[in-house]
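Please walk me through this protein chain.

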Amino acid sequence: AAHNLLAALLDNHLHQGNQLGIDPRSIVFKRAMDMNERALRNTVIGLGGRNNGFPREDGFDITVASEVMAILCLASDLDDLKQRLSKIVVAYNYQKQPVTAGDLKAQGAMALLLKDAIKPNLVQTLENGPAFIHGGPFANIAHGCNSVAATKLGLKLGDYLLTEAGFGADLGAEKFLNIKCRLAGLKPDAVVLVATIRALKIHGGVAKADLAAENLEALKAGMANLEKQAENIRQVWPLPLVVAINRFPTDTEPELKLVSQLCAQMGVPWALSEVWAKGGEGGIALAEELLRILAE
């Protein structure tokens, strides 16, 4: 709603005389919707006569690709939210200078619509474990993490807090550590690097149709990817880590043994995660290994 409010205010500004001199050909802020609809990625709006605004090219982004979503997840409070919203570039004027949401005086109304959305959403798992689900900006165009507010609240309420950084260690983890942690002043104590034998075999050159078949040679070749991600985490930041192998039914014992051997050669602890099949019980080994490295 806040995203589309800004889009509506922009078009209303054009309709009411365009005091800011916005070039309709240089508008960069699209509307948003919750469903990915290819036919609406690029559209023409403002048809139907004088009372319906100026005809121009427009389009729709999916909600998780909204800049407003990313801003909400980085904001520390409502004042910070308004300041960040005001800096959104929505268009350029005829002098090719940026026009922002602040120029349209939109940030206050947008923040009002988000006054409840900024509050972390507490839910529970099927086994009654508490969890915050709050925000979901895409990692390929934003930072791929939940909200700063939810993370900080979780730190106050529990002895341990686990948070996910999406789109893999080579994207989500780096954005989590380089963007979210720096802006929020967070310092993680450890990293859980999640991998699957199927994905490692893909990195080793196996076609998707052949992933169910045991292939130790491809698995060994694909481990180079995991080794590099572990190296980044341990040397660039640096942080202790444990590798979590998310087990699939097609994983074989020789493949698991090879992963164990290669992790040992890297000097990286690992544990099997079978939460998908066994629920919380399937994550005990991983939790114990994580607690062990935290105690070191």
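Predicted model: local features only at pLDDT ≥ 70, side-chain atom pairs only at ≥ 80, totals over all residues.

Residues are numbered from 1 along each chain as its sequence is written, and side-chain values use heavy atoms, with hydrogens and water left out.

Start with the whole chain. Its secondary structure comes to eleven helices and eleven strands. Helices (H or I, at least four residues) and strands (E, at least two) are DSSP runs, numbered from the N terminus. The C-alpha trace spans about 70 × 45 × 35 Å along its principal axes. The chain has 296 residues, and 41% of them are buried. Buried means under 20% relative accessible area, exposed means over 50%, and partly exposed lies in between (1.4 Å probe, protein chains only). Now take contacts, meaning heavy atoms within 4.5 Å. Among those between residues at least 6 apart in sequence, 61% join residues at least 24 apart.

Next, look inside. In soluble globular proteins, nonpolar side chains tend to be buried together. A nonpolar core is a set of buried Ala, Val, Leu, Ile, Met, Phe, Trp, Tyr and Cys residues joined through side-chain atoms within 4.5 Å. The largest one here has 32 residues. Among those with the most contacts inside it are Leu193, Met223, Leu241 and Val259. Helices H6 (168–184), H7 (197–203), H8 (216–235) and H9 (253–266) each supply at least two residues of this core, and so do strands E9 (191–195) and E10 (241–246). Which residues does methionine 223 contact, leaving aside its neighbours within four places in sequence? They are Leu200, Val259, Leu262, Cys263 and Met266. Another core, of 25 residues, lies apart from the largest one; Ala7, Val68, Ile71 and Ile88 are among its members.

Now check the cysteines. A disulfide is a pair of cysteine sulfur atoms within 2.5 Å. How many disulfides does a search of the whole structure find? It finds zero. For cysteine 73, the nearest cysteine sulfur is that of cysteine 145, 8.5 Å away. Cysteine 73 counts as buried because its relative accessible area is 1%. Cysteine 263 is buried too, with a value of 0%.

Turn to charge. Side chains of opposite charge can pair when their charged atoms come close. A salt bridge is a side-chain nitrogen of Lys or Arg within 4 Å of a carboxyl oxygen of Asp or Glu. The whole structure has 15 salt bridges. One of them joins arginine 31 and aspartate 11, at 2.9 Å from N to O. This pair links distant parts of the chain: arginine 31 is in strand E1 (residues 31–33), aspartate 11 is in helix H1 (residues 2–15), and they are 20 residues apart. Both arginine 31 and aspartate 11 are buried. They also belong to a network of salt bridges with Arg56 and Asp58.

Are the two partners in the next pair buried or exposed? Aspartate 23 forms a salt bridge with arginine 25, with the closest N and O atoms 2.9 Å apart. Aspartate 23 is buried, at 7% relative accessible area. Arginine 25 is exposed, at 72%.

Strand E1 also holds methionine 33. This residue counts as partly exposed because its relative accessibility is 21%. Leaving aside neighbours within four places in sequence, methionine 33 is in contact with Leu40, Phe60, Asp61, Ile62 and Thr63.

Finally, follow the backbone. Most residues other than glycine have a negative phi, and most peptide bonds are trans. Asparagine 18 has a positive phi of about 55 degrees although it is not a glycine. Asparagine 18 sits in the loop between H1 and E1, and it counts as buried because its relative accessibility is 17%. Lysine 105 also has a positive phi, near 55 degrees. Its place is the loop between strand E6 (98–100) and helix H4 (107–113). Lysine 105 is exposed, with a relative accessible area of 70%. A cis peptide bond joins tryptophan 237 and proline 238, with omega about -20 degrees. Proline 238 lies in the loop between H8 and E10.
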